[in-house]
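This briefing goes through one structure topic by topic, beginning with a single residue and the sheet around it. The sequence and the coordinates come first.

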Amino acid sequence: MTQQMSSPILVLADQAGDHLTPLARQAVTLAASLTSADVVALSLAATPDVAALSELGATQLLHADLGDAARSSVVASDALVSALATGSFGLVLLCSDYRGREIAGRVGALTEAGVVSGASSVGFDGGVLQIGKTALGGSWLMRIVLEGQTPIVGISSGIIDEAPVASSADLVAQELAVALSGEASAIEVVSSVADDSEGVSLQDASTVVCGGRGVNGDFELVRSLADALGGAVGATRVACDEGWAPRSEQIGQTGLTLTPNLYIGLGVSGAIHHTVGMQSAAHIVAVCDDPDAPIFEIADFGVVGDVTEVVPAALAAIEEARAQE
């Protein structure tokens with residue numbers, strides 16, 4: 001049985017606008033499940049998402065409003081180092097996106113702490129932290145044990161289902177004084193571009209609905225199911241080659257490698273160059289009209305059928321179930 005830490009956990013609570021990112025929500029949820037002590041959230045946003053942090057299990061909130069400068073990983077890492085100086089923490093959790101990996105690496109170098117990015121699981125057993133991490137396209141699973149100086153772990157998407165705690169804390173932000181390094185002070189953010197893309201980020205999504213050759217170009221069908229489930233849209237290489245989806249949505253060996261909680265493949269046959277990018281998903285659902293398709297070998301649940309018939313039926317069932325709630 002997995003034990004709980006007795007030391008506080010520090011979480012870098014990234015936001016998109018006024019709300020926590022999906023991956024930050026998972027990080028806070030994970031922290032609350034790992035420790036019996038405080039979950040301390042560090043927010044660099046102008047207006048912290050206090051309601052979400054409290055709901056997901058944060059018990060303390062450190063706030064440093066650094067303006068647009070916080071977009072810099074160097075500035076953010078200095079803020080994280082300042083937060084570490086406020087107490088004795090057993091673990092630091094942050095998002096393992098491009099920015100998060102830069103922050104983790106710099107903080108690790110400054111504090112001489114061990115760093116693991118892209119963690120697919122985090123547990124505490126036998127008095128030590130045990131980190132799971134996949135490699136070689138998800139075909140190899142490593143178990144890493146971290147001891148010593150406060151370790152820093154960047155988590156991959158889908159590591160845990162976000163869930164509210166039974167009793168939430170009444171959070172009051174404590175202003176954090178950040179000592180900026182010479183490198184951070186030398187950075188000036190001249191302008192920044194907000195992400196105006198619609199829907200959930202594919203990299204952060206807990207649920208991914210992917211369209212393959214079998215959708216015959218009908219990606220509205222894919223998007224309708226993704227929207228109904230609050231998920232993101234992905235695509236196979238063939239779908240991108242045909243121009244049905246942008247290359248930024250391609251999953252696989254020459255695209256993105258994802259670890260969502262739920263992956264749904266629509267008209268996806270399951271060629272190896274695609275499955276290496278999604279086979280580490282916690283739950284895999286496949287809808288394909290070929291009963292011999294390789295995707296069914298790794299699927300937890302499979303439907304042999306025409307996606308143009310199965311998806312509308314699924315959408316109707318989802319709508320009916322929500323109407324009864």
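Apart from its neighbours within four places in sequence, isoleucine 152 is in contact with Val92, Leu94, Ala104, Val107, Gly108, Thr111, Ala113, Gly114, Val115 and Val116. The model is a predicted one. Isoleucine 152 belongs to strand β11, residues 152-155, and β11 is part of an open sheet of seven strands.

**Isoleucine 152**

- Isoleucine 152 counts as buried because its relative accessibility is 1%, and the cut-off for buried is under 20%.
- Among its contacts are Val115 and Val116, and strand β7 covers residues 115-119.
- Its contacts also include Ala104, Val107, Gly108 and Thr111, and helix α4 covers residues 98-111.
- Val92 and Leu94 are in contact with isoleucine 152 as well, and β6 spans 91-95.
- Between isoleucine 152 and leucine 258 there are 106 residues of separation in sequence and 21 Å in space, taken from C-alpha to C-alpha.

**The seven-stranded sheet**

- The strand order in this open sheet is β7-β11-β6-β1-β4-β5-β12, and the pairing is parallel.
- β7 (115-119) and β12 (173-175) are the edge strands, each pairing on one side only.
- From one strand to the next, the twist averages 25°.
- Three bridges join β7 and β11 in the parallel sense.
- Valine 116 is opposite valine 153 of β11.

- Arginine 106 is located in α4, residues 98-111.
- Arginine 106 has a relative accessibility of 19% and therefore counts as buried, the cut-off being under 20%.
- Leaving out neighbours within four places in sequence, the contacts of arginine 106 are Val74, Ser77, Asp78, Ser181 and Glu183.
- Of these contacts, Val74, Ser77 and Asp78 are among the buried residues of α3.
- Glu183 is also a contact of arginine 106, and α5 spans 182-185.

**Helix α3**

- Helix α3 comprises twelve residues, 73-84.
- The distance from its first C-alpha to its last is 16 Å, close to the 16 Å expected at 1.5 Å a residue.
- α3 is largely enclosed by the rest of the structure because eleven of its twelve residues are buried.
- Those buried residues are Ser73, Val74, Val75, Ala76, Ser77, Asp78, Ala79, Leu80, Ser82, Ala83 and Leu84.
- They pack against the strands β1 (9-12), β4 (39-43), β5 (60-63) and β6 (91-95), and against α4 and α5 (182-185).
- At the N-terminal end, α3 is capped by serine 72, with a side-chain oxygen 3.2 Å from the backbone nitrogen of valine 74.

- Five bridges pair β8 with β9 (residues 128-135) in the antiparallel sense.
- Phenylalanine 124 has leucine 129 of β9 as its bridge partner.

**Strands β13 and β14**

- β13 and β14 run parallel and are joined by four bridges.
- Strand β13 covers residues 207-211, with threonine 207 in it.
- Threonine 207 counts as buried because its relative accessibility is 12%.
- Not counting residues up to four places away in sequence, threonine 207 touches Leu229, Gly231, Ala232 and Leu262.
- Ala232, one of these contacts, also belongs to β14 (residues 232-235).
- β14 is covered on both faces, with Ala232 and Gly234 buried on one side and Val233 and Ala235 buried on the other.
- Cysteine 210 has glycine 234 of β14 as its bridge partner.

**Cysteines**

- The number of disulfides is zero.
- The cysteine sulfur closest to that of cysteine 210 is in cysteine 240, 8.3 Å away and so too far for a bond; the cut-off for a disulfide is within 2.5 Å.
- Cysteine 210 counts as buried at 0% relative accessibility.
- Cysteine 240 is buried too, with a relative accessible area of 6%.

Definitions and conventions
Residues numbered from 1 in each chain as written. Predicted model: local features only at pLDDT ≥ 70, side-chain atom pairs only at ≥ 80, totals over all residues. Heavy atoms only, no water. Helix = DSSP H or I, 4+ residues; strand = E, 2+ residues; numbered from the N terminus. Buried < 20%, exposed > 50% of the residue type's maximum accessible area, 1.4 Å probe, protein only. Contact = heavy atoms within 4.5 Å. Pairing = 2+ DSSP bridges. Expected span 1.5 Å × (residues − 1). Polar contact = N/O pair within 3.5 Å; in protein donor to acceptor, adjacent residues only side chain to side chain. Axes fitted to C-alpha atoms, helices over the stretch in contact; angles between N-to-C directions.
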